[in-house]
Amino acid sequence: MTEGSDPLDVLTDEGNNAKMITEGLPSDRISIENGSIVTNCKRWPLIIDPQVQGIKWLKKKEEGNLDIIQLTQKNWLKVIESAITNGRCVIIENLGSDIDATLDPVLSRAIYKKGRSLYLKLGGEEVEYDPAFQLYLQTKLSNPHYKPEIVAQCTLINFIATERGLEDQLLAKIVEMERKDLEDKANTLTAAAINYHIQLV
């Protein structure tokens with residue numbers, strides 16, 4: 001690798017970073033790296049997120065085009081089927097260490113063409129596939145053990161908060177409680193700086 005080069009510069013730029021931060025992603029380096037991987041990976045992201053920081057960001061990022069489900073709820077398969085057909089975004093929250101085998105064709109992107117349309121077999125039925133469909137998987141388990149085929153089909157992203165990230169967030173909470181006026185001013189200035197940065201880039 002070329003000396004002095006940064007892989008993060010290949011995945012993102014200052015404008016994208018600023019956009020992710022305004023959407024609620026923590027501004028520490030690890031979070032920016034994770035956010036860049038989520039937005040660039042070719043396989044579905046499987047997010048290890050015990051502090052639910054990543055999922056909060058994704059909910060804000062995909063707001064308005066989002067279905068949130070858990071595999072324990074009724075009719076989850078219908079929600080995914082509808083999202084695949086209509087090109088919506090789905091977040092599957094609170095996964096355990098086992099993922100329902102019904103999702104295998106979705107995870108492996110077993111898409112085939114029939115005429116001009118794309119299709120996918122889901123739960124024994126043929127479902128029309130919209131390329132705009134997006135899937136995010138999230139677990140609160142801090143050290144999950146998934147089967148090798150799941151790991152091969154997804155991009156695992158570890159959103160566990162780092163010490164530095166937690167320090168920044170804790171400081172923000174204390175300032176918010178002790179000096180609300182300073183917190184509001186800091187938020188306003190940060191938002192303005194990010195907007196200027198986006199305009200410049």
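Analyst: Asn75 is exposed, at a relative accessible area of 56%. The cut-off for exposed is over 50%, so Asn75 falls in that class. The model is predicted, and every value here is computed from it. Asn75 sits in the loop between strand E2 (66-69) and helix H5 (76-86). Its phi is positive, about 60 degrees, although Asn75 is not a glycine. Most residues other than glycine have a negative phi.

Arg109 also has a positive phi without being a glycine, with a value near 50 degrees. Arg109 lies in the loop between helix H6 (104-107) and strand E4 (111-114). Its relative accessibility is 31%, so Arg109 counts as partly exposed.

Next, the helix packing. Two packed helices are described by the angle between their axes and the distance between the axes. For H2 and helix H3 (residues 29-40), the axes come within 11 Å and cross at roughly 100 degrees. The range for roughly perpendicular is 65 to 115 degrees, so H2 and H3 belong there. H2 brings Asn17, Met20 and Ile21 to the contact. H3 answers with Ile32, Gly35 and Ser36. By class, that contact holds three nonpolar and three polar residues, and no charged ones.

Now the spaces. The largest pocket holds about 910 Å³. Its lining counts 26 residues. Gly24, Pro26, Gln169, Ala172 and Glu183 lie nearest the centre of the pocket. Helix H2 (14-22), helix H4 (53-61), helix H8 (163-178) and helix H9 (180-200) each give two or more residues to this lining. H8 has the largest share, with 10 residues. The classes are 11 nonpolar, nine polar and six charged.

There is one cavity of 30 Å³ or more. The largest cavity holds about 60 Å³. Asp28, Ile30, Ser31, Asn34 and Gln53 are among the residues that line this cavity. So are Phe159, Ile160, Ala161 and Thr162, along with Gly165, Leu166 and Gln169. H3 and H8 are the elements that give two or more residues to the cavity lining. By class, the cavity lining has five nonpolar residues, six polar and one charged.

Gln169 links the two spaces: it is listed among the residues nearest the pocket centre, and it also lines the largest cavity. H8 likewise gives residues to the pocket lining and to the cavity lining.

Note on methods
Residues are numbered from 1 along each chain as its sequence is written. This is a predicted model: local features need pLDDT of at least 70, side-chain atom pairs count only at pLDDT 80 or more; totals for chains, interfaces and linings use all residues. Side-chain values use heavy atoms; hydrogens and water are left out. On a 1 Å grid over the protein atoms alone, a cavity is a set of points where a 1.4 Å probe fits but cannot get out, and a pocket is an open set with protein on both sides within 12 Å along at least five of seven lines; lining residues have an atom within 4 Å of a point. Grid points are joined across faces, edges and corners, and a volume is the space filled by probe spheres set on the points. Helices (H or I, at least four residues) and strands (E, at least two) are DSSP runs, numbered from the N terminus. Ala, Val, Leu, Ile, Met, Phe, Trp, Tyr, Cys and Pro count as nonpolar, Asp, Glu, Lys and Arg as charged, and the others, Gly among them, as polar. Buried means under 20% relative accessible area, exposed over 50%, partly exposed in between (1.4 Å probe, protein chains only). Axes are lines fitted to C-alpha atoms, for helices over the stretch in contact, and angles run from 0 to 180 degrees between N-to-C directions. Angles under 35 degrees count as roughly parallel, over 145 as roughly antiparallel, 65 to 115 as roughly perpendicular and the rest as oblique. Contact means heavy atoms within 4.5 Å.
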